[in-house]
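Morning, everyone. Please bring up the model on your screens, and we'll walk through it together.

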Amino acid sequence: MTTTARLELDGKVYELPVIVGSEGDKAVDITKLRDLSGYITLDPSYANTGSCLSEITFIDGEKGILRYRGIPIQEMAEKSTFIETAYHIIFGHLPTRAELSEFSDLLTKYELLHEDMKYHFEGFPTTGHPMAILSAMINATSCFFPDLARSTRREDLKVQAAVLLAQVRTIAAFAYRRSRGLPTIYPNPMYKFTANFLHMLFSLPNKDYEMHPEIVKALDLIFLLHADHEQNCSTATVRMVASGQANVFACAAAGVCALWGPLHGGANQAVIEMLEDIRQSGDDGSNFLKLVKDKNSGKRLMGFGHRVYKNYDPRANIIKRQCDELLSVLRKDDPLLDIAKRLEEAALNDPYFVERKLYPNVDFYSGIIMRAIGLPPEMFTVIFAIGRMPGWIANYREILESPTPRIYRPRQIYTGKTLNHYVDKIQRSSVPVQ
Ligand code: SDX
């Protein structure tokens with residue numbers, strides 16, 4: 001196995017160390033490159049650039065492998081729950097019964113928002129997107145936990161994690177209720193994490209939501225499948241913000257903002273809007289795929305493609321099965337699921353998609369489950385954010401506990417004007433300089 005890379009620049013040869021991960025992934029360590037050669041590397045979307053060593057999640061995009069702390073996602077999906085998985089991702093091991101009970105008690109202890117938080121909710125228009133409310137209210141939460149926000153002590157991480165997970169879920173539910181002009185429903189300590197969320201979303205002051213075990217299981221699985229995914233856009237953002245030693249609430253709020261875009265976590269909302277447009281147009285999907293393949297259309301098959309997976313996203317398979325299971329238990333049909341399956345079938349047999357290795361990703365089917373549960377599309381990325389919170393917290397912790405903590409600060413290649421000087425207004429021509 002190569003242990004050094006040789007790079008020849010301007011007639012000089014530089015030897016750079018090669019790093020090999022525990023699963024065999026390899027990197028050329030360029031930490032010293034600029035000092036040695038005066039050169040930097042350029043990789044605008046970081047598609048070829050590793051920002052860190054991490055022990056949390058392993059993905060093999062060519063083989064469609066995803067493991068949380070070494071455990072395959074299929075096993076976690078089949079045997080675990082979201083909160084147990086969250087603990088496993090954050091603290092590095094599956095919790096003992098006692099550890100899980102202690103963590104569950106902390107989640108219950110911190111499930112209520114400070115009463116003054118409701119004034120912030122009342123300030124938002126009912127049409128405000130819940131992702132905007134979520135990011136704002138996560139930062140607002142830090143104002144009610146100032147000592148916790150300031151702390152970088154490892155022993156405070158468990159409470160920080162519990163506060164974030166519990167409060168984010170309650171904030172999300174309150175945001176949904178406000179958008180519907182409904183009274184907020186407070187958490188009920190009788191319920192576990194996901195059931196409590198459904199209770200806060202759908203109960204009425206005079207009638208408790210009828211808890212369907214199948215719906216609780218499906219939503220818990222959605223959270224679990226979104227819990228972490230190595231250095232995706234939002235997690236890399238969390239690490240960036242954490243590297244400047246901002247508090248964990250600020251890091252989580254930054255993660256929410258980065259997640260929101262339709263190329264990332266916002267894709268689940270975009271998928272449903274795409275499927276709805278196809279349904280309303282009466283197209284069987286074939287005209288839409290023609291548009292997608294026409295570069296000038298600006299259309300993309302949302303929920304398809306992935307920077308890392310050049311094979312099936314293993315989460316998509318699990319969610320697709322869960323869609324069929326939940327809809328049959330609820331005795332529901334969803335025409336959008338039929339359209340999605342037709343699009344998948346057509347795309348997987350179409351050279352445009354096959355040549356580009358475009359497969360369904362986690363967002364392609366997840367919206368179908370959330371629709372079946374009764375959530376509106378604007379809440380879908382909020383669900384993604386609740387699920388991703390453990391991954392953001394675990395990555396925040398890795399930054400905090402890094403043996404060589406340094407602020408993330410990429411360099412650039414400057415291509416602007418060379419040396420220029422100030423020109424007094426009088427001397428400036430009336431025509432603005434291009
Ligand atoms: C998530 O990183 C993560 O791990 C993210 C995530 C997580 O858990 O955190 O997995 C969650 O964000 C999943 C992705 C959700 N986004 C979407 O579904 C939006 C649609 N997909 C794409 O826009 C795209 O596939 C990305 C953003 C996901 C990946 O973009 P890349 O890696 O930059 O790929 P690209 O845009 O350079 O595309 C390469 C080629 C291009 O064609 P050519 O120029 O080579 O002819 O593939 C085409 C693209 O036009 N292409 C698509 C397409 N995705 C890529 N064509 C049509 N439809 C698509 N969806």
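Start with a polar contact: the side chains of His-264 and Asn-232 are joined at 3.3 Å. By polar contact I mean a pair of N or O atoms within 3.5 Å; within protein, one must be able to donate a hydrogen and the other to accept it, and residues adjacent in sequence count only if both atoms are side-chain atoms. His-264 is in the loop between α12 and α13 (267-281). Helices here are DSSP runs of H or I, at least four residues, numbered from the N terminus. His-264 has a relative accessible area of 15%, so it is buried. The cut-offs: buried is under 20% relative accessible area, exposed is over 50%, partly exposed is in between, with a 1.4 Å probe and protein chains only.

Ground rules, quickly. This is a predicted model, where local features need pLDDT of at least 70 and side-chain atom pairs count only at pLDDT 80 or more, while totals for chains, interfaces and linings use all residues. Residues are numbered from 1 along each chain as its sequence is written, and side-chain values use heavy atoms, with hydrogens and water left out.

Now the ligand. Which residues come nearest to it? They are His-229, Arg-300, His-306, Arg-307 and Arg-315, out of 24 residues around the ligand. Being near means that a heavy atom of the residue lies within 4 Å. The shell splits into 10 nonpolar, 7 polar and 7 charged residues.

A polar backbone atom of Leu-263 is 2.8 Å from a ligand nitrogen. Phe-304 places a backbone N or O atom 2.9 Å from a nitrogen atom of the ligand. Arg-356 uses its side chain: a polar atom there lies 3.1 Å from a ligand oxygen. How much of the ligand does the protein bury? The protein buries 77% of the 1000 Å² that the ligand exposes when taken alone. Those areas come from the Shrake-Rupley method with a 1.4 Å probe; for residues, only the protein chains shown count as cover.

On to the rings. The whole structure holds 18 aromatic pairs. Rings of Phe, Tyr and Trp (its six-membered ring) pair if their centres lie within 6.5 Å; planes under 30 degrees apart are stacked, over 60 edge-to-face, and the rest tilted. Take Phe-145 and Phe-249: centres 6.4 Å apart, planes at 15 degrees, so they are stacked. This pair links distant parts of the chain, 104 residues apart. Phe-145 is in the loop between α6 (130-144) and α7 (146-150), and Phe-249 is in helix α12 (residues 248-259). Phe-249 is buried, at 1% relative accessibility.

Compare Tyr-352 and Phe-353. Their ring centres are 4.9 Å apart and the planes are at 75 degrees, so this pair is edge-to-face. Both residues are buried. They belong to a cluster linked by ring pairs, together with Phe-304, Phe-364 and Tyr-365. Phe-304 is also the residue whose backbone lies 2.9 Å from that ligand nitrogen.

Next, charges over rings. The criterion is NZ of Lys or CZ of Arg within 6 Å of the ring centre and within 35 degrees of the ring normal. The charged end of Lys-158 sits over Phe-91, 5.5 Å from the ring centre. Arg-169 lies over the face of Phe-193, at 4.5 Å from the centre. The side chain of Arg-169 also reaches the backbone oxygen of Phe-193, at 3.1 Å. Arg-169 is in helix α8 (residues 157-179). Is Arg-169 buried or exposed? Buried, at 2% relative accessibility.

Phe-91 takes us to helix α3 (residues 82-91), where 9 of the 10 residues are buried. Phe-91 is one of those buried residues. Just after α3, Gly-92 has a positive phi of about 90 degrees.

Last, backbone angles. Most residues other than glycine have a negative phi. Gln-245 is not a glycine, yet its phi is positive, about 70 degrees. Gln-245 lies in the loop between α11 (233-243) and α12, and is exposed at 70%. Arg-331 also has a positive phi, near 50 degrees. Arg-331 sits in the loop between α15 (314-329) and α16, exposed at 77%.

Terms used. Helices (H or I, at least four residues) and strands (E, at least two) are DSSP runs, numbered from the N terminus. Ala, Val, Leu, Ile, Met, Phe, Trp, Tyr, Cys and Pro count as nonpolar, Asp, Glu, Lys and Arg as charged, and the others, Gly among them, as polar.
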